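Subject: Handing over the structure

Dear colleague,

I am passing the structure on to you with this email, and below it you will find my notes on what turned up. Please read them with the model open beside you.

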Amino acid sequence: MKTLLDDPGVAQRVFAHIEAGTTDLSDEIWREPVANYCSEERLQAEMRVMRRAPTPFCPSAALAEPGAYLARVAAGTPLVAVRGSDSVVRVFRNACRHRGMQIAAGSGCSRAFACRYHGWTYGLDGRLVHVPHEHGFPGLEREQHGLVPVHAVEDRQGLVFVTQDAGGPVDTGQGALPLILASGQRLFAQRENRVPANWKIFLEGFLEGYHIRTTHPQSFLPFGFDNLTLVEHFGRNSRVTFPFKRIQKLAAVPEAERRVDGLVTFVYQFFPNVIVAVLSHHTAVSVLEPVSLRETRLVTYLLTNRQDDAEDSAAAAARDAAFVGQTGAAEDNAVVCAIQAAIDSGANEHFTYGRFEGAIAHFHRSLSEVL
């Protein structure tokens, strides 16, 4: 199956920009009102969009075997995803049907979920299978008290997509996206931290290369280019390609044989709040969960790019992730936190996104249309 790493047109487009000293440009600038980052009403509306959209919850590799589960909060709702004994992934609202206690925490592998409050127990398919001292609940219908599933779940493209709520689902146009994650990739780390910034300010930092020279002069710039990116849209989603200087070695390779593996970073934005970054030796799936107007929970899943169990590929992935996290990501976080700290200063009524920042404009336009 053809993957994004087999796209020979990427290199040719990069070469054209290098020769001309240009980059991809959007048709126009975009002005986003600063009030949209500061309104609690707007934030609640955005979270309703997240619950109605088919949003990546985790990589399929995080649920690699029957019984594997993962619990976290998504768009304000505690959920638990589990791969059943039939290998089907199901996602439930993480609440016992007795008194509402969460029945799972973190991740692991289990044959059933037993509520640690009173012991009500559920199978991997969500059925209520055991009630301690059940005689104390005369007339209880077990089949009516299973875990409550979300509206829809899809296990595709190496990701588990969750649509939490019914009622006018958001069409994100994800079907047009190329294959991103391969079935053999392995999860080697999972991280969670909080960033004191609005989720949209944080998201924007992933989607343009205009800041590379000034924000990353010692980390990313020596390996890449200043303000040279490819920007593509797939429905409400985007892909931003950041080429490395070493891509120029492909100039001597016939176009049909060019593979950009390790020569670019692909950053995918899955509308509205998920980033999948395919880097040199690893892939990072990052979910930006709003905690409040001023705080974002960042949940990151790190996967190997190689589809084997070789120790050298796992070590290369870990080194790659450490470099990105300790340098470029830390620099980006400092910037978005500084933006958040000044957002109430009264200096700006709107933020202006130029033609170099087309993926950000596409995101805001798509969000405004859905809202």
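Two strands are said to pair if DSSP finds at least two bridges between them, and the strands themselves (E, at least two residues), like the helices (H or I, at least four), are DSSP runs numbered from the N terminus. Please keep in mind that this is a predicted model, in which local features need pLDDT of at least 70 and side-chain atom pairs count only at pLDDT 80 or more, while totals for chains, interfaces and linings use all residues. Residues are numbered from 1 along each chain as its sequence is written, and side-chain values use heavy atoms, with hydrogens and water left out.

I begin with the sheet. Strand β4 (residues 77-83) pairs with strand β5 (residues 89-93) in the antiparallel sense over five bridges, and within that pairing V80 has F92 as its bridge partner. These two strands form a hairpin with five residues between them, where S87 in the turn has a positive phi of about 70 degrees. Strand β3 (residues 68-74) also runs antiparallel to β4, joined to it by six bridges; here Y69 stands opposite V82, and R72 stands opposite L79. The hairpin of β3 and β4 has two residues between the strands, and A75 in its turn has a positive phi of about 50 degrees. Taken together, the strands belong to an open sheet of four, in the order β5-β4-β3-β6 and with antiparallel pairing. Its edge strands are β5 and β6 (107-109), each of which pairs on one side only. Strand β4 is mostly covered, since six of its seven residues are buried, where buried means under 20% relative accessible area, exposed means over 50%, and partly exposed lies in between (1.4 Å probe, protein chains only).

Next come the cores. A nonpolar core is a set of buried Ala, Val, Leu, Ile, Met, Phe, Trp, Tyr and Cys residues joined through side-chain atoms within 4.5 Å. The largest one has 41 residues, of which I247, F270 and V276 touch the most other members. A second, separate core of 39 residues includes M47, A277, F363 and V370. If contact is taken as heavy atoms within 4.5 Å, and neighbours within four places in sequence are left aside, I247 is in contact with A11, V14, F15, V260, L263 and V264.

Two loop residues also deserve a look. Is L181, at 3% relative accessibility, buried or exposed? L181 counts as buried because its relative accessibility is 3%, and it lies in the loop between β11 (159-163) and β12 (187-195). Not counting residues up to four places away in sequence, L181 touches P59, Q157, G158, L159, V276, T283 and V285. The other residue, N227, lies in the loop between α4 (212-215) and β13 (230-234), and N227 counts as buried because its relative accessibility is 15%. Leaving aside its neighbours within four places in sequence, N227 is in contact with T22, T23, G209, Y210 and F356.

With best wishes
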